[in-house]
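Dear colleague,

I am handing over the structure below, together with some notes on what was found in it. Please read the notes with the structure open beside them.

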Amino acid sequence: MKHFFKRISIGAITTAALLVLSGCGDKAEQNTKTTTTQPAVKWKLAMSWPTTLEPLSTPPAKLAQMVEEMSDGKFIIEIQGAEKHKAPLEILDMVKNNQFQMGHTSSYYFKGKSISTALLTTVPFGMNSTEQYAWYYYGGGEELTKKVYDPFKVDCYPGGNTGVQMGGWFKKEINTLNDLKGLKMRIPGMAGEVFSNLGVVVTNIAPADLYTSLDRGTIDALEWVGPGMDITMGFHKIAPYYYTGWHEPASEMHFFINQAEFAKLPKSYQTILKTAMRATAADMMYDNFAKSTNAWQQMQNTYPVIKVKTFPKDVLKAMKASTDKVLNDYASKDPLFEEILTSQREFMAKARVWTKISEYDYITTSEMVK
Ligand code: CA
């Protein structure tokens, strides 16, 4: 998508769609005749989440509405939540086999099929969401993502981002590395491997059972997302220490599309779909940011006992060393993983210098004169 907007030909995207995007609805109505020759298309999209799990379920819902309106009701995408298809972690196969033409999921669920998929979601101590989107759209990420998913005949696009996730809810404070030894924690993915190397007993518990497990002491700590999504889970009522993030600095959701089905679409529908994916992906990040802003205020007001903590420096150093070891071990076994990791590391090294003197220093400076 590097040159995506440059490639859009005005003839390819319907005038109506462009006018809807720019908010000129009255003119759009006059131009709807331009789309009357387009075929009726009906697709199905399977999500990894239940329909009610906002904001993760929001991008597909908004995408379907946008695509329908931009195609004057011709291109319909029917959404199925995990509560219906019952296969939340099998989205890749279902799209590959064309049971569903599209999916909405997160790439790292498929690390069992290709370890490189994990790097496309988020990396512990890796890029934040702005840096990661810059890498994807303008730093070679799109081309590398294609390399990962081409063998499955599936295209993978950004589908929403949580922004920085919090380090999780802990019943006890973590003061030394020793406090991690034997700690029972729900922390999935690569971060789970990192913590496991430091003596944490990493467990995998279904989301619906997390609250009870934490309450009854089956686990001592867990991570979920951030205030916006954590508040409905209620963890803040039973675990007072809320640690700041390190492990999922920019978790990306993803849209999957069956390549053969995409190729059959008229060019205008392809462009509508790509535009809607890009818009709804960005939208989820803003949505989740607003939800966290409001939820954090509410949590603090209702439970002033909550203490925000950052892991001590020596604990963080051990976590970073463990992260590097996990990443380097995978890189030594898988050339594509190594290629993506190198690309991300090189981009981040440049980007972080800019982030520090721009966003980071702006916030530090403005806080100084509050
Ligand atoms: Ca998480």
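Thr323 is buried, its relative accessible area being 1%, where buried means under 20% relative accessible area, exposed over 50% and partly exposed in between, with a 1.4 Å probe and protein chains only. This is a predicted model, in which local features need pLDDT of at least 70 and side-chain atom pairs count only at pLDDT 80 or more, while totals for chains, interfaces and linings use all residues. Residues are numbered from 1 along each chain as its sequence is written, and side-chain values use heavy atoms, with hydrogens and water left out.

Thr323 belongs to helix α14 (residues 313–333); helices are DSSP runs of H or I with at least four residues, numbered from the N terminus. Apart from neighbours within four places in sequence, Thr323 is in contact (heavy atoms within 4.5 Å) with Pro124, Phe125, Val194 and Trp246.

The other finding concerns helix α4 (residues 58–70) and helix α13 (residues 267–302), whose axes come within 9 Å and cross at roughly 145°; axes are lines fitted to C-alpha atoms, for helices over the stretch in contact, and angles run from 0 to 180 degrees between N-to-C directions. Among the residues of α4 that meet α13 are Thr58, Leu63 and Val67, and those on the α13 side include Ile272, Ala276 and Asp283. Thr58, Leu63 and Val67 are also among the buried residues of α4. Beyond the end of α4 comes Asp72, whose phi is positive, near 55°.

Key: Helices (H or I, at least four residues) and strands (E, at least two) are DSSP runs, numbered from the N terminus.
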